[in-house]
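Please consult the sequence and the coordinates alongside the text.

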Amino acid sequence: MRNSDAQTGGSPAIPSRRAIVALPAAMGLSLAISSPRAVAGPRGPAAARRGPALRPVAAFYGAMPTGVTISRSGRIFVNFPHWGDEVPFSVAEIIDGKAVAYPNRQINEADAADPARHFLGVQSVVVDASERLWVVDTGRIVWADAPYGGPKLVAIDLATNKVVRTIVLPRDVAGPHSFVNDVRFDLSRGYAYLTDATPDRPTGLIIVRLADGAAWRCLDDTPFTLPEPDFVPVIDGRPFLNKPGAAPGTPVGIGADGIALSPDGTWLYFCPLSSRKLYAVRTSDLIECREGRRRSEPMVRDLGIKGMSDGLEMDRAGRVYGGDIERKAIVRRDLDGVFRTVVQDDRLIWPDTLSIGYDQNLYVIANQLNRQAAYNSGHDLRRKPYHLFRVHIGVGPARR
């Protein structure tokens with residue numbers, strides 16, 4: 001591209017108690033924005049579809065995106081992790097059909113010598129209730145160890161497009177092998193909740209007190225945050241395995257990944273990626289999870305089988321949404337505790353991050369993650385473009 005910076009609340013539902021369990025102690029980008037007809041996708045009988053229309057919003061012809069978030073005014077932000085693709089910048093706003101480095105080019109330079117002031121390995125972006133864009137940085141470039149100052153949360157004021165805060169996660173909370181994945185904010189109570197999806201352990205949840213940036217971990221290496229043992233899903237008609245070469249593959253073991261917060265802030269929902277289960281825990285338990293603050297371990301509720309999900313999202317009515325990667329679908333846990341299909345479409349090849357906009361649309365990144373070379377005997381089977389879709393759900397986001 002010629003431009004060097006351009007690339008083409010309702011009442012919450014209390015989780016139903018299917019099971020209550022006490023714990024033991026212890027990724028030149030080119031992007032095209034167009035009307036739904038302008039973005040190519042499967043057509044005819046081969047395109048299995050179910051539910052309301054899935055509308056294309058953006059097509060990405062460069063690096064693979066993972067995250068998306070929508071502001072109150074409808075601004076769209078996306079991110080691109082450093083997983084081996086050429087990534088000119090990690091965070092972008094979609095403007096006039098192009099992805100533009102956000103908030104500026106300089107902060108997007110992956111400078112590991114000054115990690116606290118540069119984006120190194122951005123995994124997700126989230127707009128909070130006060131219209132600030134928060135950037136979740138793993139601090140890891142192509143899985144190299146994260147330097148101190150790399151794992152962090154960076155807040156950008158959308159009114160001024162300026163960085164207004166950086167919270168560097170302490171080394172004992174997010175170390176060199178951590179992989180902070182996604183975040184939800186409760187500004188009313190003053191906390192942020194993150195998942196650490198590292199396959200290297202510990203895998204668990206991170207709680208950040210926004211007033212002073214203090215952070216601590218909870219539910220590390222429990223059955224609820226760890227990958228399900230020997231979990232081998234079938235995606236695109238083949239087993240999803242770590243298989244970088246000709247040798248037989250091994251299970252992909254990724255723990256706590258997706259995360260969502262109830263409209264009143266009392267329940268945090270989460271799921272391991274290598275699992276089909278959904279769990280919930282009281283946020284009060286997580287807040288008290290600091291050493292010496294609790295006499296017993298938090299209680300986790302098993303909410304049943306929803307399908308294999310990467311991202312989770314919550315609407316104002318208290319319903320939880322998640323991808324169902326194996327079925328190329330999005331599902332929703334309704335207030336009666338039943339999981340129902342929202343939309344199923346062959347174009348949803350690895351539904352990743354979900355984000356609900358104030359336009360009452362659910363946005364989803366479909367990035368073909370399972371087609372990367374590491375899972376296909378060294379052959380990159382991804383076919384560009386990657387896509388951002390939306391589907392109308394008739395309700396807004398649960399931001400507080």
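Helices (H or I, at least four residues) and strands (E, at least two) are taken as DSSP runs and numbered from the N terminus. The model is predicted, so that local features need pLDDT of at least 70 and side-chain atom pairs count only at pLDDT 80 or more, whereas totals for chains, interfaces and linings use all residues. Residues are numbered from 1 along each chain as its sequence is written, and side-chain values use heavy atoms, with hydrogens and water left out.

Asp-264 is located in the loop that lies between strand 22 (256-261) and strand 23 (267-272). With a relative accessible area of 25%, Asp-264 is partly exposed, a class between buried (under 20% relative accessible area) and exposed (over 50%), for a 1.4 Å probe and protein chains only. The side chain of Asp-264 makes a polar contact of 2.8 Å with that of Ser-262 and another of 2.8 Å with that of Thr-266. Such a contact is a pair of N or O atoms within 3.5 Å; within protein, one must be able to donate a hydrogen and the other to accept it, and residues adjacent in sequence count only if both atoms are side-chain atoms. Asp-186, 78 residues away in sequence, has its C-alpha 8.8 Å from that of Asp-264.

Elsewhere, an open sheet is formed by four strands in the order 10-11-12-13, with antiparallel pairing; two strands pair if DSSP finds at least two bridges between them. Strand 10 (122-127) and strand 13 (162-168) stand at the edges with a single partner strand each, so one side of each has no neighbour in the sheet. Within the sheet, strand 11 (residues 132-137) and strand 12 (residues 152-157) run antiparallel and are joined by six bridges. Leu-133 stands opposite Ile-156 in strand 12.
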